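Dear colleague,

I am passing on the structure we spoke about, with the sequence alongside. Please look it over first, and then read the notes below.

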Amino acid sequence: MMTDTTTRTIVAVKFSWEKSGKTYDYFADFPVEVGQCVYVPAKHGEAKVEIMEIKTESEMAAVAILRQVEDLRTDEERHAKYPNGQRMFSEDRTMLDDKGNRSIFDDVDQ
């Protein structure tokens, strides 16, 4: 009798709004690494989070990561920053304001 001994990767992720350093556990069904950004299911859709740790076990992991964040920016856009240090473009090439927020006009030209 064969038993399935494959184990799913478990990762601890941090939400950007979480200031205390608290992490949340999710399953990863594809190769991931610490520092990588991924999307996870959230109360109101999905949220972009950073992988802080790869774990061997967790009592808390219940759902899986949705997908990796694909960085579509050019090198120039990746390095473009405002004078205050905030980045100018998100990974999907949307222009951000000087506080790091999406422009209210980012869908006008589409």
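A salt bridge here is a side-chain nitrogen of Lys or Arg within 4 Å of a carboxyl oxygen of Asp or Glu, and by this rule the count comes to nine salt bridges. Please bear in mind that this is a predicted model, in which local features need pLDDT of at least 70 and side-chain atom pairs count only at pLDDT 80 or more, while totals for chains, interfaces and linings use all residues. Residues are numbered from 1 along each chain as its sequence is written, and side-chain values use heavy atoms, with hydrogens and water left out.

To begin with the charged residues, arginine 73 forms a salt bridge with aspartate 71, with the closest N and O atoms 2.8 Å apart. Aspartate 71 also takes part in a salt bridge with arginine 78, where the closest N and O atoms are 3.2 Å apart. Asp71, Arg73 and Arg78, together with Asp75, are linked in a network of salt bridges.

As for accessibility, buried means under 20% relative accessible area, exposed over 50%, and partly exposed in between (1.4 Å probe, protein chains only). Arginine 73 is buried, at 11%, whereas aspartate 71 is partly exposed at 33%, and arginine 78 is likewise partly exposed, at 29%.

A further salt bridge joins glutamate 77 to arginine 93, the closest N and O atoms being 2.8 Å apart. This pair links distant parts of the chain, 16 residues apart, with glutamate 77 in helix 1 (residues 75–79) and arginine 93 in the segment after helix 1. Helices (H or I, at least four residues) and strands (E, at least two) are DSSP runs, numbered from the N terminus. Glutamate 77 counts as buried, at 13% relative accessibility, and arginine 93 as partly exposed, at 42%.

Turning to the strands, strand 1 (residues 9–15) and strand 2 (residues 24–28) pair in the antiparallel sense over five bridges, where pairing requires that DSSP finds at least two bridges between two strands. Valine 13 has tyrosine 24 of strand 2 as its bridge partner. Strand 2 is mostly covered, with four of its five residues buried.

With best regards
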